[in-house]
Amino acid sequence: MTHLHIETELHPTPAQRAVLARQQETASALWRVLARQALADRHGLNLPLVTLWHGAAHSISAHVGPPVTRTKAQRLAEVRALARDLGWSRELGTASLDDLVAEFSRHVRHGEIRPDRPDDHHLLLGPLARPLWPLEVEVGGLETPVAAALYTLPAAARSAVSTWRSAFIGRLDAEWSRLLPAGHHDSGTDAALLSHLARWAHVHRTSPTSHPPPCPVVTLTLREDTRLRWDRGGSRAWLVWCFRIDDVAAPRTRGLVGADPGITNLWTAWGAASSAVFPNPMRPGSWRLPPWAGPQGDLCRPWAAELARVQRDAVLVTRLLHPAQHGAEVHLLNHEHLALEEPDLARFMQLRAEYGPWAAWSGATVQHRYIAAVARVARRVVLIPARDAATSTCSTCHARGSMRYRRRAGRCRVCGANHDRDLNAAANIYRLGLARL
Ligand SMILES: [Zn+2]
């Protein structure tokens, strides 16, 4: 079984941000306490987690006796008891706690007691993260949905999310039908009906009417295995969705394709027999990211402005970019072998300042990583390091750093060949890929 992880950024309101940050802080504090307990165990001091949590000071520097052995199950039982006492069920679900203990126990088993939660441990939300509709997700512990740009997901992932959502709304509808006939008669079921409506009415209301078409190349299923990731500074948060790859269609084109991602052209592909260019319908110059202006009049709800911005982006990306992105995705993944520039786009973004915000806004970074990830499991893929600078090498004489460009058109200082910037890069990626296959 192969899984694929795709990240989408969250856009929480300040209040939501505070709750999300608190979840992270609680998880980190719990990790630190577990580490102190494990350290005490090593010194033969058997200290209950609850005592350590409440801050009882113990000096655990001096060796006291033979080490205490504590199993993962024992740790789990202590953490769950603590969670019950402190009422964590709303903030940190069982899945998060169990996963944190499992990760901690893995470290201890390898003889390593880390005092702090590792940076790469993302909080497991499991089914507590739900993609409600293309602009919002529900995250456990938060009372209102969080804005998230799910519309930037690649076609196959959007389709999987849509299938998951209709199954979920189907479950809500079934619950609604069950509660409705009984609701008027007895106060208990009426309360259940009211709480169902209070929680889910907006999901019923905003349930989408149309499904995105399935992707002809890849079939994915959304798993309820979502994680919450923060950047190092703790200022930006992402949900890491987990998809199972159910099927990848056989490639329709034999041989290798080399692909260069970009901003003027979303992708430029170079194969043995032909090349293909997928122009960006929203490239800078032909189109500008509209500046955000607050709507006229009063806003009743403080999150409405952020949501409106995400909604505007969704409309533009869906109408203009999706068709081009989808065409490129199908073209590339229909090849047997794929050569791509390393999809670590940090350097690329430094070189071309305008690329960063545009790529994040349009989901282009998600597309690049997604194509590389699918190719990794289903195709032979060669990743060309960005330092090999495909753009500045001449694809005719292969002299490095020899290309001089004026806008799109370039000329080689060594052999005098004329090349289009993107086609030259794609041809170089193709050649480097062929050499490494
Ligand atoms: Zn040349």
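**Reading strands, sheets and helix packing**

Modeller: Strand E9 and strand E10 (residues 275-279) pair in the antiparallel sense over five bridges, and a hairpin with three residues between them connects the two. This is a predicted model, in which local features need pLDDT of at least 70 and side-chain atom pairs count only at pLDDT 80 or more, while totals for chains, interfaces and linings use all residues. Residues are numbered from 1 along each chain as its sequence is written.

Biologist: Which residue stands opposite Val-277 in E10?

Modeller: In general, strands of a sheet pair through backbone hydrogen bonds, either parallel or antiparallel. Two strands are said to pair here if DSSP finds at least two bridges between them, and the elements themselves are DSSP runs numbered from the N terminus (helices: H or I, at least four residues; strands: E, at least two). In this case Thr-268 is the residue that faces Val-277 of E10, and Thr-268 of E9 also stands opposite Asp-260.

Biologist: How many residues of strand E9 are buried?

Modeller: A residue is buried if 20 or more other C-beta atoms lie within 10 Å of its own, exposed if 12 or fewer, and partly exposed in between, with C-beta atoms placed from the backbone. By that count seven of the seven residues of E9 (residues 265-271) are buried, whereas in the protein chain, with its 437 residues, buried residues make up 35%.

Biologist: In the hairpin of E4 and E5, which residue takes a positive phi?

Modeller: That residue is Gly-141, whose phi is near 95 degrees, and the hairpin has six residues between its strands. E4 (residues 136-139) is joined to strand E3 (residues 129-133) by four bridges in the antiparallel sense, and to strand E5 (residues 146-148), also antiparallel, by two bridges. Val-137 of E4 stands opposite Pro-131 and opposite Val-146 in E5.

Biologist: What order do the strands have in the open sheet of three strands?

Modeller: The order is E13-E14-E15, with antiparallel pairing. Its edge strands, each pairing on one side only, are E13 (403-406) and E15 (418-420). Three bridges connect E14 (residues 409-412) with E15, and Gly-410 has His-419 of E15 as its bridge partner. Helix H11 (residues 421-436) packs on this sheet, where it touches E13, E14 and E15, and its direction makes about 95 degrees with that of E15. Contact means that the C-beta atoms of two residues, placed from the backbone, lie within 7 Å.

Biologist: At what angle do helix H3 and helix H4 pack?

Modeller: Two packed helices are described by the angle between their axes and the distance between the axes. Axes are lines fitted to C-alpha atoms, for helices over the stretch in contact, and angles run from 0 to 180 degrees between N-to-C directions. H3 (residues 72-86) and H4 (residues 94-109) pack at about 145 degrees, with their axes 10 Å apart. Residues making the contact include Leu-76 and Val-79 of H3, and Leu-97 and Val-101 of H4.

Biologist: How do the residues of the contact of H3 with H4 divide?

Modeller: Ala, Val, Leu, Ile, Met, Phe, Trp, Tyr, Cys and Pro count as nonpolar, Asp, Glu, Lys and Arg as charged, and the others, Gly among them, as polar. On that basis the contact of H3 with H4 has six nonpolar, one polar and four charged residues.
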